[in-house]
Amino acid sequence: MKRLVAILRAIRNKRRIRTDGGTTDERSTVKRWLDSDFLQSAPFWGPPLILMGLFVYGAIGWNFLLSLTDYSGFGGPDYTNLGLQNYSRMVQDPAIWEATWNTVVLLVVFTIACLALGLVLAILLDREIRFGRAFRTIYLLPFALSFIVTAQFWRWMYNVNDGIVNQFIGLFGLGPYNWLGDPRLVLGSVIFALVWQFSGYTMVIYLAALRSIPTEQYEAARVDGAGTFRMYWRVIVPQLRPAIVSATVVLVLFALKAFDFLYAVFDGYRPRQGADILATKMMREGFNNSEWAYSSAIGLTLFILSLAVIAPYLYTQYKRGNL
Amino acid sequence: MAQTKLNDVTKVFTEDDGNEIVAVDEVSIDIDDGEFLVLVGPSGCGKSTTLRMVAGLESISSGEISLDDRVINDIPAKNRDIAMVFQSYALYPHMTVRENMSFGLEESTDMPDDEIDERVEETAEMMGIEELLDRKPGELSGGQQQRVALGRAIVRDPSVFLMDEPLSNLDAKLRAEMRTELQRLQEELDTTTVYVTHDQTEAMTMGDRVAILNDGTLQQVGTPLDCYHRPANLFVAGFVGEPSMNFIDTDLHSEADETILQADLFDYSISDEIATKVSDSSDPVLGIRPEDIGISEDPPSDKHDVAATIDVIEPMGDENIVYLQFDSEDSSREAESIIATIGGMRQFESGQTVTAHIPEDAIHLFHGETGEALHNRRLETAESQAPQL
Amino acid sequence: MSEETLSAGQSTDDERVLDRISLTQAGLYTSLVGLVLFYLVPVQSGFVTSIKTSDALINTQPFAPPGPNGATLESWEFAFNALSQGLINSLLFTVPATVLCAVLGSMAAYGLTLVNWRGQVAVFVLFIAGIFIPYQAVIVPLTQFWSQYAMLDHRLGLILSSHHATILELIITHTAYGIPICTLLFRSQYKTMSWEMIEAARLDGASVWRIYRRIVLPLSIPMFAVVFIFQFTQIWNEFLFSLTIIGSVNDSAASATLILSGLGEALEGVDYPLRMAGALITAIPTLIVYLLFADKFAEGVRV
């Protein structure tokens, strides 16, 4: 098939050269350039690239510039006096370190919990069951909702007096706890709610990967004498690695920028003590305290952290020819 | 080492809309210890389902499968002490060849690691794949993967090997090579083997015995030559052999001194001995293998000679496949054609009129309705016929 | 082994296997239903709470429906009044932005996949990376841009009210940031299209543009459905741009999610029935789209 395409392409190229045959070198170069696939395809990818590029990469560049100024309050930034003072301020700000720690905890616990719960869901659903689609639809439902919406539900779930969570653990003689008020509990409560919302997503990723594993793999493992658990653990789960990697990337990136949910749960830019992460800290410094330059510096830090996750991922994808 | 018995084994699938489909219908086969049994049949005949029931990958709707007199119907696959080679090989892509081969031993036995290692190395050496041990399946060629899949089954030293079309993904040359090698290995290991294939060359050359399935029912179990020369019914006769046996519908007419099989375009007289065998059926089917038909340029002289025209010749090198048409005096009737194979050095042209000789010794006769064999060819003459090909 | 012991042994085996099968089955379905509870209880509790009077709120279990005396639609009415303008605003920017994203994404994916030129992977990487950019890294310049440089309400003051100018800003912003994911979705489909087919069309003399119009576009209709559904829910649910570009809950361009985030805030404490009613009203459009096209949504998520 590939060969055929190559031949067809060669034929086309030859024809093009032949029609250019009598003209001067210069003209043929120009004409060939005008004829080239690059230029012909440019109207398709060009405008989206410009729009997206300006808003994404232009804004990041501008953000970097802003982070070097001392722009705060009203008025405008002064681009003549640039320096790294905002970054040194970050290093000295204990609130940044606390937010970083919380971000790391959120990122690790949330990602692992989502990966684990999603795997359980996917394995349960990856067989002939009645209403399988209905189950999948229900498990994925929270993911289709806005964080602002789910935050409302969880505020009520975590309500100290009337919340279902306290009522439930009350059955076992525990609680009540102030889930969203106690600094020791608040981060865990937020993570739990976010896992509720995201585990359906990992389930869908796993399900697609599971479906692409041929049934012979399961059968071979059975004939080889493996029980159900050993079969999944030694034969199936290792083959899910690409799915696990891509789901991890998405989950980590989300954990880095999670802001909406915290804003809605805590009614504003200031999460309860113990739940502040870099993303909320950044938004608060800018849009609450008008410390625009400082806020940009934190934003850029978040970008660099994301890049540290995306770049290796994209690189390996490129190496494998998946791009 | 085991004797495997299938006793009235039946598999019924229930479709989503409640329809029941009988995939395997009361199949009974006794497989001897160390035997190489080939299950063969057209696609969808139930041969793979039968194999998968032996493996424990498919439940048994009714009937029994036993291993050494122990009924194994309800024993899960992992405890059956069998090894299987899949059509797609089903090698674990994330494990090296060594890990692939040790997996089964680790899961199904308590063997210590060093002993497992030793056995893997030994088997790899036997299969000639010792230098591949640390590679992953993705880095191997199709033929190498095939060897690893075999090695993975062999290293287990199971009581039964099950093979589901293991050679069908190889190219023709490699397939022929592996066919011989598999036979050699099986003889050496002397392990009971059930081999599923749709390729009748494999069936004929590899098996100690062949079990032919069609539509879920067992048609015949026997040695390959038995099935070839003494087919139990029309299906087996048509399925075994390439090009397949010619079938001619006839009507039985008894006249004063002879019995005649009346085909559309010619009459064929048969001896009394054969005639008594076919008396059950008024419209028996006459079967004759292509290589048993003689062709000559002489005019018809014998009562078993028929005039025919050569329609097409396909030279194969060692032989010619000749499509013969019987001439019809009545042009409204469609010409009937049969296939004959003759020696590759003989020269004929299409359109040429020849005489086809259908020796009575070589004919088969089948019941017109049931398809059951009423008379099979005489075997003692088979040998003397051969050089004439 | 005699015949008798054999058959006896077998029958107990049979029962054990049957037991085991039904036990695993029972366990499987119990876990599945238990998980359904886990995923639905927050939504269910939100719903029953939204129709409770303040008395019923205190006197009934959070997951139990209110009795006939304790039920009221007051919260729904109030929430709907507060949110109605927000719902319209959300629809006003979500629909155009979704369509624009899909069209531009499809074109970009075509130019980067089915027309062969060197360096397209590099350009594509720029698009992919765009999916994962944390908005925190662009949000300050973005708000600067709209409020101090573009100033659409000022410049287009003659043709657009400030309310519509803000909506336009949101459309452009959402489109720009939605293009990467849409490009990825379309490219995943275009990569599976046969090269021979495109080559054949070229040999037939079709231009790059006509191949897109006559061949690629008709074949992408199923993917357009996926992108529409996925992108609609994404943009509708979005909050950060609404918060920063619109700025205030009281702005006439405020989106549904923005209004919901501050719903009933002025009142003493949190009015939970009102909040729950508001949350459900805000979720209705996405819920409808999701429940009608769950498979397509899942497909969009998967890529």
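Tutor: The contact takes 80 residues from chain A and 82 residues from chain C. Two residues are in contact if their C-beta atoms, placed from the backbone, lie within 7 Å. On the chain A side, helix 3 (residues 37-67) gives the most, with 19 residues. Helices here are DSSP runs of H or I with at least four residues, strands are runs of E with at least two, and numbering starts from the N terminus. By class, that side of chain A has 57 nonpolar, 16 polar and seven charged residues. Nonpolar covers Ala, Val, Leu, Ile, Met, Phe, Trp, Tyr, Cys and Pro; charged covers Asp, Glu, Lys and Arg; the others, Gly among them, are polar.

The model is predicted: local features need pLDDT of at least 70, side-chain atom pairs count only at pLDDT 80 or more, and totals for chains, interfaces and linings use all residues. Residues are numbered from 1 along each chain as its sequence is written, while chains are lettered from A and ligands numbered from 1 in the order in which they are written.

Now the two partners. Chain A comes to 15 helices and zero strands. Chain C has 14 helices and zero strands. Of the 323 residues in chain A, 45% are buried. Of the 303 residues in chain C, 45% are buried. A residue is buried if 20 or more other C-beta atoms lie within 10 Å of its own, exposed if 12 or fewer, and partly exposed in between, with C-beta atoms placed from the backbone.

Contacts within each chain come next. In chain A, take the contacts with a separation of 6 or more: residues 24 or more positions apart account for 64% of them. In chain C, 72% of the contacts between residues at least 6 apart join residues at least 24 apart.

Chain C also has its dimensions. The radius of gyration of chain C is 27 Å, whereas a compact globule of 303 residues would have one near 19 Å. That radius is taken over C-alpha atoms, and the globule rule is 2.2 Å times the number of residues to the power 0.38. The C-alpha trace of chain C spans about 95 × 70 × 30 Å along its principal axes.

Turn to chain B. Its domain assignment gives domain 1 (4-239) and domain 2 (246-388). Such bounds come from an automatic or database domain assignment. Taken over C-alpha atoms, the centres of the two domains of chain B are 39 Å apart. Nine residues of domain 1 are in contact with twelve residues of domain 2. Helix 8 of chain B gives the most to the domain 1 side, with four residues. The domain 1 side divides into five nonpolar, three polar and one charged.

Pro243(B) sits in the loop between helix 8 (234-239) and strand 11 (246-249). A cis peptide bond joins Glu242(B) and Pro243(B), with omega about -5 degrees.

Next, strand 6 of chain B. Ile82(B) and Met84(B) point one way from the strand, Ala83(B) and Val85(B) point the other way, and all are buried. Strand 6 pairs with strand 7 (residues 160-164) in the parallel sense over four bridges. Pairing requires that DSSP finds at least two bridges between the strands. Ala83(B) stands opposite Phe161(B) in strand 7.

The loop from strand 6 (82-85) to helix 2 (97-108) of chain B holds Tyr89(B). Tyr89(B) is not glycine, yet its phi is positive, near 75 degrees. Tyr89(B) counts as buried because it has 21 C-beta neighbours inside 10 Å.

Asp68(B) also has a positive phi in a residue other than glycine, near 50 degrees. Asp68(B) lies in the loop between strand 4 (62-67) and strand 5 (70-71). With 12 C-beta neighbours inside 10 Å, Asp68(B) counts as exposed.

Last, Gly63(B), in strand 4 of chain B. Gly63(B) has 18 other C-beta atoms within 10 Å, so it is partly exposed. Leaving out residues up to four places away in sequence, Gly63(B) touches Asn7(B), Asp8(B), Val9(B), Thr10(B) and Glu26(B). The C-alpha atoms of Gly63(B) and Asn73(B), ten residues apart along the chain, are separated by 8.6 Å.
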